[in-house]
Amino acid sequence: MNPSSSLPDAKFSPDADSSVLQIWGGHPLRGHVKVSGAKNSALVIMAGSLLCSGDCRIRNVPLLVDVDRMSQVLSALGVRITRQGDVLDINAGEITTSKAPYELVTQLRASFFAIGAILARLGVAQMPLPGGCAIGARPVDLHVRGLQAMGAEVQIEHGICNAYVPGSRRKLQGAKIYLDSPSVGATETLMMAATLADGETMIENAAREPEVVDLANFCNAMGAKIQGAGSSQITIVGVTKLHSVDYTIIPDRIEAGTFLVAGAITRSEISMSPVCPNHLIPVIAKLQEIGLTIIEDAPDCLRILPAEIIKATDIETLPHPGFPTDMQAPFMSLLSVVEGDSLINESVFENRLRHASELNRLGADIRVKGNTAFVRGVPTLSGAPVIGTDLRASAALVLAGLAAKGLTTFQGLHHLDRGYDRIDQKLQQLGAKIQRD
């Protein structure tokens, strides 16, 4: 049992892809929900623990399939890792191999980001090209060019990225790196690599997401010298080694945003904590714009109030601090049942509108052209069988099922379990009629 929650620990079954959620829609939600630790922070901070030869204790780690997979990747590298509730204890004192397992990395994109930490520690790394949700091309060229700028020799052959640092010391060198786009993964990979490099590294056009800041804070808590995280310019002065740490991960802003939309789409009043309201500014702004009221009950607690009339709006996804691409699918579900026509432009990933056709199965009126969705609000949705195509699309379909009349049968739990900590149980506690079979 997780001591910080009344929910039982998740039990991830190997046949989760054949399991279904039965959702009986039309029931209002009520109550308070606990927001878990940030998935995207947990995964990269686990990779960052490779930089430290001592003990790392990481708190507020969500129960997710992706966290389990990252644990398996670290274990395969020789890292000792144990879990108690939402606390991970990691010791990377001895990394026994520089080769990450193909079958694991190809299932989890974030595991590729460990290449920076492995290269910084060992001077050599072999990492398969990553997998994850099929939401568009997410090449690793920015990671590779940055590592090359720091003195690494990098070759990609047969789906494997081989990197090593020439010279007897096998130490990366500080460099000035400009990213063509503010890639979160590249920013995190290069920031980790630079923590143990000789000299100063400057990353220009860096990603500004809260999870990047969380990683920087984690590394600094171990003795790294990182400044500017959260801005477009990050400066890292390399140190010789990092020390043990006890660190708590930030709350998951996407999970919090998803529950805000759950309140909006079911016309319900629910509260949630812990949250960082500053991480949710674009999501809260859009909800307020369409007619919802969001109340800050405490510095880490938000409450959404139902609205009789919710208006249409236009959304364009952008890197932080713009509207997050991970909230695009949940908002599409909400906008499908508001008054008027909405336009959603997905400018971050080119293949992230596949949930539109599944929402149309529920009675939504959505047309997709290229990376733009035209959403005409309908009075109500009707339950139907639907399939999740990726992580956030799956959340969107669950939200739509909560609002639809009748029974929605959802397939795709292997996607949902990758990024939402026991979401079906949390929704049950709020009064949703939902069952996992």
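Salt bridges in this predicted model come to a count of 19.

**Salt bridges**

- The side chains of R253 and E211 form a salt bridge, with 2.8 Å from N to O. R253 belongs to helix α8 (residues 253-265) and E211 to helix α7 (residues 210-221), so this pair ties together parts that are 42 residues apart in sequence. Both R253 and E211 are buried.
- A salt bridge also joins the side chains of R392 and D326 (3.8 Å, N to O). R392 is in helix α12 (residues 391-403), while D326 is in the loop between β17 (314-316) and α10 (328-335), 66 residues apart. R392 counts as buried at 3% relative accessibility, and D326 counts as buried at 16%.
- R436 and D424 meet through their side chains in a salt bridge (3.1 Å, N to O). R436 counts as partly exposed, at 31% relative accessibility, whereas D424 is buried, with a relative accessible area of 5%.
- K39, D66, R69 and R418 are linked in a network of salt bridges.

**Helices α1 and α2**

- The axes of helix α1 (residues 39-48) and helix α2 (residues 65-76) come within 10 Å and cross at roughly 5°; the two helices are therefore roughly parallel to each other.
- In this contact, K39, A42, L43, M46 and A47 of α1 meet D66, V67, M70, S71 and L74 of α2. The contact residues comprise seven nonpolar, one polar and two charged.

**Residue I304**

- I304 lies in strand β16 (residues 301-305) and is buried, with a relative accessible area of 0%.
- Among the residues that I304 touches are L260, A264, I270, L292 and I294.

Key
Residues are numbered from 1 along each chain as its sequence is written. This is a predicted model: local features need pLDDT of at least 70, side-chain atom pairs count only at pLDDT 80 or more; totals for chains, interfaces and linings use all residues. Side-chain values use heavy atoms; hydrogens and water are left out. Axes are lines fitted to C-alpha atoms, for helices over the stretch in contact, and angles run from 0 to 180 degrees between N-to-C directions. Helices (H or I, at least four residues) and strands (E, at least two) are DSSP runs, numbered from the N terminus. Angles under 35 degrees count as roughly parallel, over 145 as roughly antiparallel, 65 to 115 as roughly perpendicular and the rest as oblique. Contact means heavy atoms within 4.5 Å. Ala, Val, Leu, Ile, Met, Phe, Trp, Tyr, Cys and Pro count as nonpolar, Asp, Glu, Lys and Arg as charged, and the others, Gly among them, as polar. Buried means under 20% relative accessible area, exposed over 50%, partly exposed in between (1.4 Å probe, protein chains only). A salt bridge is a side-chain nitrogen of Lys or Arg within 4 Å of a carboxyl oxygen of Asp or Glu. Lists of a residue's contacts leave out its neighbours within four places in sequence.
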